Amino acid sequence: SAALSSTISAHWDGNLVATWLHKIGLGHHAAAFEKHRILGIHLPELTDANMNMLGVTLIGEQLDMHRAIRSIADHDESNMPALWEGKAPLPYTSQLAKLYYESVRPALILLRIVRIAGARHYRLTRNALTITEYKFVRYCKFCIPFRAIQSSSRRIDLDYIVSVTTSPACHEYQNYDTISIELDKMRSEHHLVHLYVEKGAGVELSSLIMKYVSNTVGFVH
């Protein structure tokens, strides 16, 4: 397992692929993977049809393999140097929240409008663009956020990208450029993604993304 943890999956030979299969509980398929000369670089491209040909026909096993492949992609991505990193604030929203005061007996429940703030963090590597979103509660516009209420992360494989365009941002992001990324409709559930980057940086970043689009190795979502 030490070899697996320190090796980029694209460089795995047949022995390391077999070790990985045993590690995720699918070692009984190792012989078929060896017969078809499946290497680490092939794993992200495996489809359900490929798995059926390899004898991985049970839906549960296919799901386990997809999950394990995504885990490899996450590991590889986190170890790749960033070509660019940036962030943008999320527009404020408001919602009605229940506030509990346990020191009062019986517990006092108040309803109050709170503001939801947050930020998007962007990280671009030669294989993918990762968007991580954080949200926080504020009692007012000028209050310090005190509690994270939600975070999510999404990785966009660069070989899923069809086009990248830059335009001035909307009124909520007046000091930012908007980068609109169109994704392959046959390979991605979401067809359009918007990035908000520092004004004046949009064209350069769009060119950087497109530079690596044709050279990347895609990962299965």
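Of the 21 residues in the largest nonpolar core of this predicted model, Leu129, Ile161, Ile181, Leu195 and Ile209 touch the most other members. A nonpolar core is a set of buried Ala, Val, Leu, Ile, Met, Phe, Trp, Tyr and Cys residues joined through side-chain atoms within 4.5 Å. Buried means under 20% relative accessible area, exposed over 50%, and partly exposed in between (1.4 Å probe, protein chains only). At least two core residues each come from β3, β4 (128-138), β6 (161-168), β7 (176-183), β8 (192-198) and α6 (202-213). Strand β8 gives the most, with four residues. Helices (H or I, at least four residues) and strands (E, at least two) are DSSP runs, numbered from the N terminus.

Leu129 has contacts, not counting residues up to four places away in sequence, with Tyr122, Arg123, Leu124, Arg154, Arg155, Ile156, Leu158, Ile181 and Leu195. Contact means heavy atoms within 4.5 Å. A second, separate core has 18 residues, including Leu26, Ala30, Leu43 and Ile72.

The model is predicted: local features need pLDDT of at least 70, side-chain atom pairs count only at pLDDT 80 or more, and totals for chains, interfaces and linings use all residues. Residues are numbered from 1 along each chain as its sequence is written, and side-chain values use heavy atoms, with hydrogens and water left out.

An open sheet is formed by three strands in the order β6-β7-β8, with antiparallel pairing. Two strands pair if DSSP finds at least two bridges between them. β6 and β8 are the edge strands; each has a single partner strand, so one side of each lacks a neighbour in the sheet. Neighbouring strands of this sheet are turned by 20° against each other on average, direction ignored. Seven bridges join β7 and β8 in the antiparallel sense. Within this part of the model, Ile181 stands opposite Val193 in β8. Helix α6 lies across β6, β7 and β8, and runs at about 175° to β6. Axes are lines fitted to C-alpha atoms, for helices over the stretch in contact, and angles run from 0 to 180 degrees between N-to-C directions.

Two aromatic pairs are present in the structure. In one of them, the ring centres of Trp12 and Trp20 are 6.3 Å apart and the planes lie at 50°, so the pair is tilted. Both Trp12 and Trp20 are buried. Trp84 and Tyr122 form a stacked pair, at 6.0 Å centre to centre with 20° between the planes. Rings of Phe, Tyr and Trp (its six-membered ring) pair if their centres lie within 6.5 Å; planes under 30 degrees apart count as stacked, over 60 as edge-to-face and the rest as tilted. The Trp84-Tyr122 pair links distant parts of the chain: Trp84 is in strand β1 (residues 84-89) and Tyr122 in strand β3 (residues 108-124), 38 residues apart. Trp84 is partly exposed, at 22% relative accessible area. Tyr122 is buried, at 2%.

Arg37 has a positive phi of about 55° although it is not a glycine. Arg37 sits in the loop between α3 (30-35) and α4 (48-53). With 68% relative accessibility, Arg37 counts as exposed.

The protein chain has six helices and eight strands. Along the sequence, they follow the pattern α-α-α-α-α-β-β-β-β-β-β-β-β-α. Of the 221 residues in the chain, 38% are buried.
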